[in-house]
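Me: I would like to learn how to read a protein structure feature by feature. Could you take me through one slowly?

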Amino acid sequence: MPERAFWTPLRPEQIFVRLQLPFLVGVAVVSTATMLAVPELFHSLVLWMGLAAVIVASGLFLLPEKRWMMTAWVVVIPLLDVVCIAGVRTALLPFLPSVGMLCLLPFAWIAYRFRRLGLTMVLVSGILIAALPFALGTRPVTTLLAIVNVLALPFIATGISLAIHLGARSFEKRRAIAEEATKALRCALNESHETQLLLRSVLDTVTGAVAYYNARDELVLANATAERMVDVVGFRLDVPPFAGPDVLAADRKTAVPLDQQIIPRALRGEVIASHMEWLGRPGDQIAILASSRRVHREDGTLLGTVIAAYDVTKLANAIEVREEFLTSVSHELRTPLTSIIGYTEEIVDVLGERAQDLGIDTWLATIERNAETLMKRVNELLHVADAELVLERRPTDVGDVLRLAVEQFTVVAERTGITLDARAGADLSAEVDPRRLGQAIENLVGNALKFTGRGGTVTVRVERQDGDTICISVADTGIGMTPDEQRRIFDRFYRAQAVRENAIQGIGVGLSIVKTIVDAHGGEITLVSAPGVGTTVRVELPVRPAVAPSSALAAATTPY
């Protein structure tokens, strides 16, 4: 922003136009008119001396060198004007007494330009102007009225000049304040401009899309990535309804209505966190992960809404490829495993006790046990790879589900020297899928036993909470987890460092399956753990579903 002074001194040409020219014209008009009315004034030497003074003063503006007019030497011009007034007034006083008022122009100039010294100059000049006619003998000073005539003009002119002086001082103070304020505003504006440039550069540098709307839902700022992203859908960020027709949900099948798309939802005040959508027409789609946040001032009033989105197409496609791979591999493994298990059972049935006589009964049992373990792993992979988790809800006693799930671990707990304490409260009826819920409890109890050493305890509880919530908790005194491990424990295929080091069996999908089942029921799962202390997993399920009894969980295939 270019610097420009709030106030600058008058240039010589401005001084002439605003100060000297009006005085020159006034003197010329008054003198000419009076001389025409009184022809004998054409012979007045004093009058012509006064006119010569004003002509000289005005002629100084014709000099090529004018820099001296920007210094204190400029006082020469108004002093020459004072000489002019003295001569003209002396000559015209008998015919035009008010001609002395012309002295106010040079007096105002002197008072404003030279301040206190100027007031002294005005007073002295006024006395000289008033006293000159008496000094030349045209009027004797013999009466009190004559003395008043001598003193009236200088005191009146000095009073007016004093008012101009005070006004000038007040103006200078206000000008200084205004200049300081202008300087501060200019600095603030420059900083704001630099901040805006920096913000624009940052926004255009980041790979994500960012848009900011004010409280009136007007677009204030958006980076180039955001413009390109919405262009895929076919709408503009600055034109309502801020949505387009080619938007699909995370399942890549369900069309998202205009009013349910990201920007309209965010502008309505909804808080969006890591919401996934597919943008564009089939064959040319991108996946985005979007979040939004409302910004408020310190007093709580709404300032605007920030929306951010990231292109996660490569990640989404990689996950889709992974799920397809898991499904294909699982099905390919399941068929030969089924044959192995089937033929092994057939051999055991045919041989009967002869297997022991032949010494192969232990081998066959090992084959059968490992084949079933491998089949269990394959079934887990198939469950993870399911694109949809469909619940078959019905009124169920969760306590019965808990007892059936825990019962199968009683022998394991006794054999490993672990105390398994399972208790169920009263009135535990809820609309759930008993098979899926049992599977979740089995995974939780199995994990607790797996990571608890001999002499430890696994405590399982289920009780009604707040009337409309069923709470299931599984606590153990096992090896526990670090904070880093807790953050990733629900990720599929994640296995903690201690698990890998101790060669504990598993493929790291148990807790991810539990979370999928809990999410499908509309519940919440939390985990509290500490290394060497143990782990407590808490599941809260609504007694009645908040959505339709059968629901598909598209998020089962994505980590979003």
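This is a predicted model: local features need pLDDT of at least 70, side-chain atom pairs count only at pLDDT 80 or more; totals for chains, interfaces and linings use all residues.

Me: How many strands form the open sheet, and in what order do they lie?

Reply: As a general idea, strands of a sheet pair through backbone hydrogen bonds, either parallel or antiparallel. In this structure five strands form an open sheet with the order β8-β10-β11-β13-β12, and the pairing is mixed. The edge strands, each of which pairs on one side only, are β8 (419–424) and β12. From one strand to the next the twist averages 10 degrees.

Me: How do β8 and β10 run, and how many bridges join them?

Reply: β8 and β10 run parallel, and six bridges join them. To find one of these places in the structure, look for R423, whose bridge partner in β10 is R461.

Me: Which helices should I look for against these strands?

Reply: Start with α11, which lies across β8, β10 and β11 and runs at about 165 degrees to β8. Then turn to α16, which packs on the sheet and touches β12 and β13, its direction making about 145 degrees with that of β12.

Me: How many residues has the largest nonpolar core, and which of them have the most contacts inside it?

Reply: A nonpolar core is read as a set of buried residues joined through their side-chain atoms. The largest one here has 37 residues, and those with the most contacts inside it are V398, L437, I441, V445, I470 and I472. At least two residues of this core come from each of several elements, including α11 (398–407), α13 (434–450), β10 (457–465), β11 (469–476) and α16 (510–520). The largest share, seven residues, is supplied by α13.

Me: How many disulfides does the structure hold?

Reply: In general, a disulfide is a covalent bond between the sulfur atoms of two cysteines. This structure holds zero disulfides.

Me: Which residues of helix α6 are buried, and why do they line one face?

Reply: The general idea is that an α-helix has 3.6 residues a turn, so residues three or four places apart point the same way. In helix α6 (residues 224–233) the buried residues are T225, A226, M229, V230 and V233. Seen down the axis of α6, these buried residues fall within an arc of 120 degrees, so they line one face of the helix. The face turned away from that buried side carries the exposed residues R228 and D231. As for what the buried residues of α6 pack against, the strands include β1 (209–214), β2 (219–222), β5 (286–296) and β6 (302–311). Just after α6 comes G234, which takes a positive phi of about 100 degrees.

Me: Which residues have a positive phi although they are not glycines, and where are they found?

Reply: D217 has a positive phi of about 60 degrees although it is not a glycine, and its place is in the loop between β1 and β2. With a relative accessible area of 31%, D217 is partly exposed. D427, likewise not a glycine, has a positive phi of about 55 degrees and is found in the loop between β8 and β9. D427 is exposed, its relative accessible area being 54%.

Me: Which residues are joined by a cis peptide bond?

Reply: P240 and P241 are joined by a cis peptide bond, with omega at about 10 degrees. P241 is found in the loop between α6 and β3.

Me: Where is D259, and what does it touch?

Reply: D259 has its place in the loop between β3 and α7 (262–267), and at 43% relative accessibility it counts as partly exposed. Leaving aside residues up to four places away in sequence, D259 touches P264, R265 and R268. The C-alpha atoms of D259 and G244 are separated by 9.7 Å, the two residues being 15 residues apart along the chain.

Conventions: Residues are numbered from 1 along each chain as its sequence is written. Side-chain values use heavy atoms; hydrogens and water are left out. A nonpolar core is a set of buried Ala, Val, Leu, Ile, Met, Phe, Trp, Tyr and Cys residues joined through side-chain atoms within 4.5 Å. Buried means under 20% relative accessible area, exposed over 50%, partly exposed in between (1.4 Å probe, protein chains only). Helices (H or I, at least four residues) and strands (E, at least two) are DSSP runs, numbered from the N terminus. Two strands pair if DSSP finds at least two bridges between them. Axes are lines fitted to C-alpha atoms, for helices over the stretch in contact, and angles run from 0 to 180 degrees between N-to-C directions. Contact means heavy atoms within 4.5 Å. A disulfide is a pair of cysteine sulfur atoms within 2.5 Å. The arc is that of the directions from the helix axis to the C-beta atoms.
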